[in-house]
Amino acid sequence: MSTFLGMPAPPPRSPYGTGNLRGDRAFPRAAHDELGNEQLRRNLGRATGTIRAKRLSVTGELSDWEALRDAGSAIKTDTMNRLPELLEQLERKVTERGGTVHWARDATEANAIVARLVRATGSDEVIKVKSMATQEIGLNEHLESVGITPYETDLAELIVQLADDKPSHILVPAIHRNRDEIRQIFRDHIPGVDPDLDNAPAHLAAAARGYLREKFLTTKVAVSGANFAVAETGTLAVVESEGNGRMCLTLPDTLITVMGIEKVLPRYQDLEVFLQLLPRSSTGERMNPYTSLWTGVTPGDGPQDFHLVLLDNGRTAALADALGRAALNCIRCSACLNVCPVYERTGGHAYGSTYPGPIGAVLTPQLAGMHAAKDDPNSSLPYASSLCGACFDACPVKIDIPSLLVELRHQHTEQTGVTPEKLAMKAAAAVMRRPALYAAAQKASALGRVVAGRDGTISRLPPPLSGWSDSRDTAAPPRETFRSWFSSDEGRATLRAAAAERNSDHNEEDAT
Amino acid sequence: MSSARDTVLGRIRDALALAPTPAVVVPRDYRTGRALPDDERLALFTDRLLDYKARVHLCTADRTAEVIGEALREHGARRIGVPAGLDAHWLTGYDGEVREDHPDVSPAQLDTLDAVVTGSAAGCAETGTIFLDGSPGQGRRALSLVPDLHVCVVDLSTVAAGVPEAVARLAPERPTTLISGPSATSDIELERVEGVHGPRTLVAVIRTDA
Ligand code: SF4
């Protein structure tokens with residue numbers, strides 16, 4: 001451990017230019033184009049509305065929902081505090097049970113490890129379970145570049161892969177496609193598909209079943225992600241619906257699981273919390289159809305060769321940020337996407353990252369940075385929000401996304417060297433032309449929607465107000481004050497109107 | 001050069017040193033240790049299973065073979081797979097072909113089966129979930145996955161009220177599968193379709209006196 005000699009060094013972000021943690025255009029520009037896509041907006045509006053309603057009904061069913069959220073939040077915070085010992089324990093347990101643990105500093109290293117492991121099996125194809133981590137590191141692209149063919153087996157991921165497209169939602173990656181488009185994609189890309197295939201979802205699903213069945217039965221290597229890994233026992237968990245996960249996790253000879261280091265949980269018992277929080281928050285189901293739990297290798301059952309790749313790729317940089325580290329608590333349920341007025345209108349592609357929506361706007365710059373010198377699209381992400389607070393209310397592990405966005409805006413203005421006054425004037429000019437947004441900003445300022453410093457004073461406000469707040473400290477009012485205004489009818493109406501204004505003019509939103 | 005392992009662990013320690021946060025105590029005020037009378041647990045479990053489009057048959061233990069036989073006939077299953085440890089008596093009401101599973105049976109051979117019959121380790125009433133843990137009467141994970149019909153026997157006595165109570169019944173070292181209804185997807189315009197890659201039909205045979 002050469003790095004820790006009493007003088008800790010800030011850990012590096014995910015290297016620039018690798019993987020899928022930034023797009024090629026700033027959010028306002030990308031969003032502007034997506035806003036012109038009628039079909040996308042209609043699909044998204046219907047889809048997110050449906051999930052929102054289902055989620056509310058099943059979370060309302062549990063009288064202890066708030067207690068579960070508190071437990072989930074505390075378990076994740078405790079996990080981050082004890083990450084070194086938990087990862088070492090996980091490694092020990094997985095190894096004891098016949099698995100092999102690998103560590104990867106970044107995307108390039110993780111991709112190389114997976115490619116090497118696949119080659120060692122002699123196979124030139126792999127079946128894949130839907131996984132955010134492998135999407136983040138661009139594993140498919142890397143495998144293809146070295147002559148290994150990856151087959152996505154989740155129906156939505158398959159649609160995206162066949163169309164040479166990118167996922168646009170954490171949970172429903174093809175949410176931006178409708179049944180007619182999917183029929184066309186299948187007709188064009190599935191060899192031997194029935195030319196009379198109609199657009200009924202059941203028939204489309206059956207076509208995917210037929211296509212993938214042979215792959216499941218014959219492919220010798222699978223790659224998966226993991227929703228959770230239990231340090232105490234070495235148990236990995238994958239939560240899914242279709243059974244493609246079960247197929248990949250049990251039929252091949254070799255299983256390679258790529259997992260961000262933040263996914264570890266201390267105790268097996270902790271699953272009782274997350275198996276309630278995750279399905280209800282994500283798909284709005286009481287439980288997802290299938291969950292697989294496995295511990296190392298089990299003789300006579302499932303792959304006899306198991307590899308776990310533990311991925312950093314900027315996660316330690318996020319961990320070193322006192323406020324931003326809370327983003328690592330995310331369990332990727334996608335509830336925040338489905339309630340976000342900005343996401344609902346722009347869709348996931350506008351964010352340019354594997355992680356879209358409110359959490360993506362926080363997590364992506366945290367993992368990969370906002371490179372001032374490079375005119376980085378990621379630096380526009382913290383502004384891709386109306387700060388309406390709906391994401392915070394929805395998050396099962398209580399991540400205060402709006403505060404994290406404000407903090408990132410602050411970091412961005414510091415990095416870029418734009419003087420707060422200049423920025424404030426420019427932003428204010430845009431805001432004044434939009435009365436509802438201006439009212440919301442004023443209200444936010446009066447009530448202190450801020451990241452209050454340790455001494456309880458407000459040291460910074462979001463642009464356009466940062467110019468004023470930076471030059472004078474204000475006593476921070478109790479947090480609840482703003483929260484209650486937030487959830488009042490007046491607050492919601494103002495913020496909704498503000499959000500609408502912002503969405504009507506994304507170019508102006510890019511105040512820097 | 002240090003290994004990736006040392007580097008990553010070193011970075012984590014650096015990060016924690018740069019941004020120390022106070023230790024937290026995990027509050028566990030959510031519901032645990034719940035018990036429900038048999039009839040309420042049965043009603044809740046059945047309701048949830050049906051909501052997930054599973055088929056549900058209730059029976060007493062002495063009618064197990066009869067009900068399994070009927071379910072298999074009803075779905076036209078002519079060739080079924082069973083785990084080696086399945087209670088042989090359960091199949092006395094079935095006259096089709098029975099193949100006993102073995103680790104050497106290939107996935108392609110499993111794919112020629114019409115159905116599979118297994119027991120189960122536990123259940124959760126509140127979520128309509130059945131837990132398989134690979135014990136002798138449940139077999140390896142692939143067996144209950146590849147065939148299109150899964151007939152699963154659940155003893156009401158193993159069904160817990162909620163998730164914490166059910167998770168407490170699991171053995172972490174066993175490969176465990178949680179099943180809540182048949183395979184399903186909502187990937188196309190969020191319209192739920194039963195059956196993609198896993199069994200398209202799940203029949204739960206709930207034994208009310210076992
Ligand atoms: S931030 Fe919260 S709501 Fe959003 S995906 Fe993560 S866990 Fe879910």
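Which residue stands opposite B:Phe131 in S9(B)? B:Leu178 does.

This is a predicted model: local features need pLDDT of at least 70, side-chain atom pairs count only at pLDDT 80 or more, and totals for chains, interfaces and linings use all residues. Residues are numbered from 1 along each chain as its sequence is written, chains are lettered from A and ligands numbered from 1 in the order in which they are written, and side-chain values use heavy atoms, with hydrogens and water left out.

**View 1. Eight strands from chains A and B form an open sheet.** The order is S8(A)-S5(A)-S6(A)-S9(A)-S9(B)-S6(B)-S5(B)-S8(B), with mixed pairing. At the edges are strand S8 (264–265) of chain A and strand S8 (159–160) of chain B, and each pairs on one side only. Strands (E, at least two residues) are DSSP runs, as are helices (H or I, at least four), and both are numbered from the N terminus. Two strands pair if DSSP finds at least two bridges between them.

View 2. Strand S9 (residues 290–295) of chain A joins S9(B) through four bridges, and the two run antiparallel. Here A:Thr291 has B:Leu178 as its bridge partner. Strand S6 (residues 129–132) of chain B also pairs with strand S9 (residues 176–179) of chain B, antiparallel, over three bridges. There B:Leu178 stands opposite B:Phe131.

**View 3. S2(B) has parallel partners in chain B.** Strand S2 (residues 79–82) is joined to strand S3 (residues 97–100) by four bridges. B:Val82 is the bridge partner of B:Glu100 in S3(B). Two bridges join S2(B) to strand S4 (residues 115–118). In S4(B), B:Val116 stands opposite B:Gly81.

**View 4. Chain A meets chain B.** In contact (heavy atoms within 4.5 Å) are 102 residues of chain A and 82 residues of chain B. The buried area is about 7900 Å², and carbon and sulfur atoms give 59% of it. This is the accessible area (1.4 Å probe) that two parts lose on being put together, summed over both. In chain A, A:Arg105, A:Arg209 and A:Arg286 lose the most area to chain B, together 10% of what that side buries.

**View 5. Salt bridges link chain A and chain B.** The count is 15, each a side-chain nitrogen of Lys or Arg within 4 Å of a carboxyl oxygen of Asp or Glu. One joins B:Glu189 to A:Arg179, with the closest N and O atoms 3.3 Å apart.
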